[in-house]
Amino acid sequence: MSTVSRTVAPDFSERSRQAIGDEAQRTGIRGAMDFLQSKRKAQFPDPQELSDLRDLGAAIRRYALANLPELLQQLEARLTANGVQVHWAETPEQANALMLEIAARHQARLMVKGKSMVSEEVELNHAMQAAGIEALETDMGEYIVQLAGEKPSHIIMPAIHKTKQQIATLFTEKLPGVSYNDNVDVLIQIGREVLRKKFAAADIGLSGVNFAVAETGTLYLVENEGNGRMCTTVPRVHVAITGIEKVVAKLEHVALLNSLLPRSATGQAVETYQNFINGPRKPGELDGPEEVHLILLDNGRTQAYADPQLRATLQCIRCGACMNHCPVYARIGGHAYGTTYPGPIGAILSPHLLGFGAAYPLVTASTLCGACADVCPVRIPIPDLLIRLRNEAQANPQAARKALRDSGAKHHLLLTLVWRIWALLYGRPRFYRWFSWCASRFGALAPRHQGAWTHTRAPLIPAPRRLRDLLPQQNRLD
Amino acid sequence: MSARERILARLSQASASEPQPLPNLEHWQPRVPPAGSAERLALFKELMRSAHAEVHDTDEQTWPELLLDLARQKNVRTLLVGNGTDSVARLQSLDSETLHVMSYQRPAEQWRAALFEQVDAGFTQAKSAIAATGSLVLWPSSQEPRLLSLVPPIHFVLLEAHALHADLREAMRVEQWATQMPTNALVISGPSKTADIQQTLAYGAHGPKELIVLLCHSREVSP
């Protein structure tokens, strides 16, 4: 079993440096990102269709958020009528306590898990292990990552950082009676055989939720492997855990959102399995869980919700397209971020989950190139939100509205002063002329060590002649 | 106050956004195939096959024999079927020395080990199908339980050719899903697969390794 460390990241820049120094991993991630980008592109040949779909996708998510309290109550009422037990958790600790309570009631020893990022977010495996319950990941990628004692590096493709040779070695070391073979089909069949025994033996199945439908009380889950169906059908008890933002109003909204989700995520037209779960086993039915639970988690989401601009963060449908197209993610990979959700979505979501104390480096880990916003299927303006979060983090703690956890935590007097001076110089032509004249005359005095900039780059030294001096000369020559 | 009340209170206190109209999907034109049913069927078959499923044309009279042939080719010795339907009765009459046709009649937990280890193939009917994505719609029931289409390594599906919808939304509307959802509804678009190791596609991750569609062209709907 893996022993995972508690999330909070020691040093983002150190981890990024290490990631950039790892040639093999960089090649792997770059290759995977190129692959996913081209597959997505091929899925949307018609830009008008894509644009219309994104408008509708965004409208569906905005509608759901605008009516979130009512829809959550409708969802709860419908699910309860269907026989599903609904629980609410404000914090990861509460979510884990609910889970442990259910497990204890059934004397559970083994829990099989379908891919659930929210269970990663609350570090459920950790809590289960502490209580002596084996929590086994069953998504092939997550199973591999767990066997290696690591964490997923991508929300859709968790083992994207590993080669088949590394996986073959891992299986040889960890699984009794397995000899080295790096054929992908063989590796998958090994995983299948191990995990089928676990599915048959498990007491509890845990899953995430892609969308929860208020109209019908439906938990909608998509996947390719079938482990999600196993986890939600074979064990006596099924527990689904999700963030409070995952609700949609109408069943047919799911049909539209799913024409965006797999195409944006992995560039496939549709997933192998779309699983609509409406309740536990009814009298006379011969399989399916006897109990179905849903845990609705807040964990900072209400903070994002409270702000009209930051609320857009919750539109996310977790396709991962923003990371697949992010130049920063493509170079450092998911682990460097040190948080459950990496990449651009991780950067705008994590401050609400963890506070700026832990999540601020993520907010700065962006070039603001805008690729994430261009591909987002529900039109989240990610760069705008990043700038807003940077401002919130750097706001003067006295003046800050304190609306966000750790607002002003990154306030820096010198930085504030530098920007004041910059605004003064660049806002007034006469000052600017004087400043640039000084810079060109005394440029030779510029320091050769300019902090992080000169670690990998030549120092910035002002040119001896300004553009405004050179241009008139140029014009005379013409 | 409970966690529920505190969460709902925080959400309700948040400043209301601009009112958002209920999105109107009427104008949404999904990537639907051409209107003709023959073209739609052709697209369905093409997409299913490109997702690594087999599609065989057959009719009301001959599909059990076709299934028998395919089962023999694939060395199926135990075929799991549902209970209480006409199709099941027809398949049970094919029970022989070489092909054991076994009916799913007891709760799964009473024979879980056998279900996981001794069944080579499962048989279900599809409720309908979707042309735009090449998908089958299954509504498992007490007659055709959920694990029948999941645990056996091979999944045979009988589909009436006329039960084809343009897309998922149309299936939801025509079949009125919103008012009569079963315990579990499924949309299946191929055999189980994964690309989790180096983006290399492999079939048979946890569910069926093979999905075999018997496309029944007769218009007589079996009761």
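Colleague: At what angle do helix α17 (residues 343-354) of chain A and helix α18 (residues 356-364) of chain A pack, and how far apart are their axes?

Modeller: Keep in mind that this is a predicted model. In it, the angle comes out at about 170°, and the axes lie 8 Å apart.

Colleague: What makes α17(A) roughly antiparallel to α18(A)?

Modeller: The cut-off for that label is over 145 degrees. The angle here is about 170°, so α17(A) counts as roughly antiparallel to α18(A).

Colleague: Which residues make that contact?

Modeller: From α17(A), you have G346(A), A347(A), S350(A), P351(A) and L354(A). Facing them from α18(A) are F356(A), A358(A), A359(A), L362(A) and V363(A). By class, the contact of α17(A) with α18(A) has 8 nonpolar, 2 polar and no charged residues.

Colleague: Okay, on to the two chains. Why are β9(B) and strand β9 (residues 273-277) of chain A called paired?

Modeller: Pairing takes at least two bridges between the strands. These have 5 bridges, in the antiparallel sense, so they pass.

Colleague: How many residues of each chain are in contact across the interface?

Modeller: It's 61 residues of chain B with 72 residues of chain A. On the chain B side, α1(B) gives the most, with 8 residues. That side has 32 nonpolar, 19 polar and 10 charged residues.

Colleague: And which residues have the most contacts inside the largest nonpolar core?

Modeller: M111(A) and I295(A), in a core of 199 residues. Helix α3 (residues 47-66) of chain A gives the most to this core, with 8 residues.

Conventions
Residues numbered from 1 in each chain as written. Chains lettered and ligands numbered in written order. Predicted model: local features only at pLDDT ≥ 70, side-chain atom pairs only at ≥ 80, totals over all residues. Contact = placed C-beta atoms within 7 Å. Helix = DSSP H or I, 4+ residues; strand = E, 2+ residues; numbered from the N terminus. Nonpolar A, V, L, I, M, F, W, Y, C, P; charged D, E, K, R; others polar. Core = buried A, V, L, I, M, F, W, Y, C linked by C-beta atoms within 7 Å. Buried ≥ 20, exposed ≤ 12 C-beta atoms within 10 Å, placed from the backbone. Axes fitted to C-alpha atoms, helices over the stretch in contact; angles between N-to-C directions. Parallel < 35°, antiparallel > 145°, perpendicular 65-115°, else oblique.
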